[in-house]
Amino acid sequence: MSDLNTFRTEARAWLEANCPESMRVPIRSFEDIYNGGRNPEMSHPDQKVWCDRMAERGWTVPEWPKAYGGGGLNKEEAKVLREEMARIGARPALDSFGISMLGPALLKFGNEEQKLEHLPPIVRGEIRWCQGYSEPNAGSDLASLATRAEDKGDHYIVNGQKIWTSYANKADWIFCLVRTDNTGSKHEGISFVLFDMATPGVTTRPIKLISGSSPFCETFFDDVPVLKKNLVGEEGKGWTIAKYLLTHEREMISSFGAAGGKKTLGQRAAENMGTDASGRLRAGTLRSVIAQYQLDTLAFAATMEKVTAEAKAGQGLGPASSIFKYYGTELNKRRNELLLSVEGESALGWSGEEYNEGEIARAWLRSKGNSIEGGTSEVQLNIVAKRVLGLPDA
Amino acid sequence: MTLVLNEEEIMLRDSAAGFLTETANVEAFRKHRDNPPTAGFDKALWGSIAEMGWCGIAIDEAHGGLGYGFTGLGLIIEQMGKNLTVSPFNSTVLMASTAIAQFGTEAQKQEWLPKIAAGDVVMSLAIQEGSHFDLDSLSTSVSMQGDGFALKVEKRQVLDAISADAFVVVAKDASGYQAFIVTADQVSVRNQSMVDALSSGTVVIDTRLTAEAQMDADSLNNGGLERALDMMNIGLAAELLGVSTEAFELTVGYLRERKQFGKVIGSFQGLQHRAADLFAELELCKAIVLKGLRAVDAGEDLSGLASAVKAKLAQISQRATNEGIQMHGGIGMTDEYNIGFFIKRARVLEHTLGDFHYHLDRYAVQGGF
Ligand SMILES: Cc1cc2nc3c(=O)[nH]c(=O)nc-3n(C[C@H](O)[C@H](O)[C@H](O)COP(=O)(O)OP(=O)(O)OC[C@H]3O[C@@H](n4cnc5c(N)ncnc54)[C@H](O)[C@@H]3O)c2cc1C
């Protein structure tokens with residue numbers, strides 16, 4: 001206990017001394033999230049300063065082992081660090097697919113050489129990763145992917161096309177599912193490979209979204225050489241890694257549901273639309289819908305807390321964990337839909353002096369993708385029905 | 001009147017559908033979005049719309065219209081919703097002309113309605129002040145000045161504000177609602193585009209008006225304003241119906257085509273039942289919109305019904321467009337596919353003159369609870 005107190009005192013002092021004032025402001029937009037990479041995009045120069053200082057201590061990924069550049073903190077210490085960051089309103093210094101997706105997969109399935117090569121640059125925000133999973137004909141049915149990797153002795157030659165690759169045009173490396181064998185069932189013969197997006201034969205084409213931005217790409221591979229040392233795990237056994245990584249992705253996406261500003265929707269509504277003498281939101285129907293949303297959010301947060309506590313107590317992940325992605329993203333969509341009701345006309349503004357670049361509208365449109373990316377809500381429900389409830393196929 | 005279209009109405013609907021899908025369709029909308037004309041709308045298209053008599057379809061013959069009725073107007077608006085047609089039809093024909101017909105003075109009707117019917121002017125309704133439409137919270141902004149009025153107010157979400165030649169401005173003073181016809185040279189406009197790429201500005205009014213600008217305060221305060229707004233909301237619901245049915249049809253089309261797991265996705269029961277349920281809801285929407293339109297033409301009391309119609313269409317248009325994106329999967333999120341246009345238009349239409357929650361509440365109040 002006293003160790004933890006010492007850690008808290010030290011962490012507090014260090015954060016006070018090192019976190020720039022400008023990084024103690026809430027994240028307002030996607031541009032405020034620092035992703036690192038060879039050509040980092042910054043909405044403020046302090047983003048890189050803050051990331052570099054945190055990375056020095058491994059605190060961009062506090063729980064990863066020190067050997068790979070991480071902070072080497074145990075769960076309790078990491079929690080203290082989060083609390084201390086929250087106390088001064090410090091932003092996460094770095095947020096990336098490397099941290100949330102590839103890292104955990106490499107820690108579990110990568111060999112020592114791969115861990116040493118790839119994890120430290122992720123911690124330091126030097127290499128930005130993108131995810132090459134989906135293809136035009138392999139979305140929900142991911143295992144039917146067709147991108148081919150041909151064995152050429154010490155390397156593969158990769159040909160095919162990926163789609164919806166988020167930030168492929170900004171990423172430095174890709175973790176990619178390819179087919180190394182066509183003969184068995186569709187889940188076999190898939191391999192998990194890593195390669196540099198600067199390799200000859202890789203091209204990307206941005207896809208514009210309904211929210212106006214273009215974080216997605218079509219990604220084309222034309223005779224791309226990939227060294228075999230960049231095959232993670234066994235050849236043809238990539239599906240296991242893909243699935244493991246998807247659970248991390250889904251966890252990350254479902255946590256969007258818990259996001260939100262300091263003020264609850266109900267409080268924002270009261271400020272915007274007024275209350276009656278007894279403090280009730282004047283818009284009666286909206287009041288009950290917001291209350292329902294808030295109560296589901298509370299219950300969702302409690303479920304997260306319960307599952308985490310059970311895991312800590314060694315009880316293993318209960319069936320509740322399978323519903324996180326589904327429930328969290330549906331909640332987040334409800335929240336964004338309600339924001340339109342709460343903010344009214346100004347929420348639907350897009351451009352013009354009165355509108356702040358249509359922030360609310362863009363976030364609302366983006367939220368529609370939460371129940372599609374990383375496996376759609378329907379796919380999550382199918383998984384629950386089959387694997388948890390044991391219901392048969394039609 | 002029965003809830004079935006007569007032959008003439010079917011012809012009108014079909015010819016509107018034919019014309020709009022040819023010339024003012026979703027691709028035309030996309031072009032408009034990417035390259036909005038400085039006039040704010042396509043004048044040639046507006047000319048054709050006027051030539052077909054649509055602008056005067058609900059205006060009585062004594063004021064230069066066809067006197068055909070509100071149902072006809074609704075049928076046209078529904079087709080415009082299906083095609084995402086861009087024109088000042090809602091602002092001028094659905095809103096301003098309805099307002100003038102309901103609470104304009106005879107002189108104002110004589111002056112403006114024939115011009116609207118002929119497509120010679122663009123007009124709009126300036127009523128909302130805060131971020132939400134709320135008739136009860138209009139601020140007091142009118143004062144007598146000699147034999148005229150001083151009017152000082154900012155109005156928001158005024159459709160086509162930048163293109164309008166004149167505005168019907170609804171304000172409030174100690175005695176109740178007041179309305180005026182104010183010309184464009186008497187106001188300043190801050191233009192902006194909404195999420196659906198259509199323009200909707202803030203109109204700043206700080207001007208003196210002559211007595212002739214004043215609209216008929218008696219009819220305004222004796223149910224005329226509410227009736228006019230009810231009619232407009234029924235019209236907006238007709239457009240929401242078009243938007244929703246088209247979003248639904250695009251989606252069902254996709255369910256028939258897209259293959260995953262070696263089958264068309266439309267063969268998955270999880271999607272089938274939702275599509276079928278939505279189909280049922282849309283059938284209800286068709287009926288209730290037609291009921292609203294017919295009630296206007298029959299001169300029936302609209303209180304209760306209009307808000308019911310708007311609330312139902314607000315709710316189902318949300319469902320239809322949200323399901324549209326979800327069932328399209330990733331491509332539903334892309335700008336290249338048209339489904340995204342429908343979700344954007346649906347929400348702006350919903351929020352014009354009161355959203356789902358506003359109308360559901362009002363429906364309850366009008367029902368006595
Ligand atoms: C915002 C966003 C970011 C993304 N980022 C990435 C990325 O970085 N890298 C990457 O590789 N991919 C990415 N994706 C792609 C994403 O993983 C796919 O969009 C997703 O898996 C769905 O595939 P699809 O788009 O082909 O939809 P489809 O599989 O064609 O699905 C269409 C509809 O059919 C439904 N459906 C399909 N099968 C069934 C079934 N068996 N039962 C019931 N319903 C079914 C779906 O749920 C959906 O509603 C991203 C997508 C989004 C929206």
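Good morning. Over all chains of this model, the count comes to 52 salt bridges, a salt bridge being a side-chain nitrogen of Lys or Arg within 4 Å of a carboxyl oxygen of Asp or Glu. The model is a predicted one, in which local features need pLDDT of at least 70 and side-chain atom pairs count only at pLDDT 80 or more, while totals for chains, interfaces and linings use all residues. Residues are numbered from 1 along each chain as its sequence is written, chains are lettered from A and ligands numbered from 1 in the order in which they are written, and side-chain values use heavy atoms, with hydrogens and water left out.

Let me begin with individual pairs. A:E83 and A:R8 form a salt bridge whose closest N and O atoms are 2.9 Å apart. This pair links distant parts of the chain, 75 residues apart: A:E83 lies in helix 3 (residues 75–87) of chain A, and A:R8 in helix 1 (residues 2–18) of chain A. Helices here are DSSP runs of H or I with at least four residues, and strands are runs of E with at least two, numbered from the N terminus. A:E83 is partly exposed at a relative accessible area of 32%, and A:R8 is partly exposed at 25%. On this scale, buried means under 20% relative accessible area, exposed over 50%, and partly exposed in between, with a 1.4 Å probe and protein chains only. Both residues also belong to a network of salt bridges, whose members include A:R12, A:E16 and A:K79.

A second pair joins strands. A:E218 forms a salt bridge with A:R205, the closest N and O atoms being 3.1 Å apart. A:E218 is in strand 7 (residues 216–227) of chain A and A:R205 in strand 6 (residues 202–207) of chain A, 13 residues apart.

In chain B, the side chains of B:D34 and B:R33 meet in a salt bridge at 2.7 Å, N to O.

I turn now to helix 5 of chain A. Its twelve residues, 112–123, reach 16 Å from the first C-alpha to the last, close to the 16 Å expected at 1.5 Å a residue; the expected span is 1.5 Å times one less than the number of residues. Among the buried residues of helix 5 of chain A are A:H118, A:L119 and A:I122. Helix 5 of chain A is followed by A:G125, whose phi is positive, near 70 degrees.
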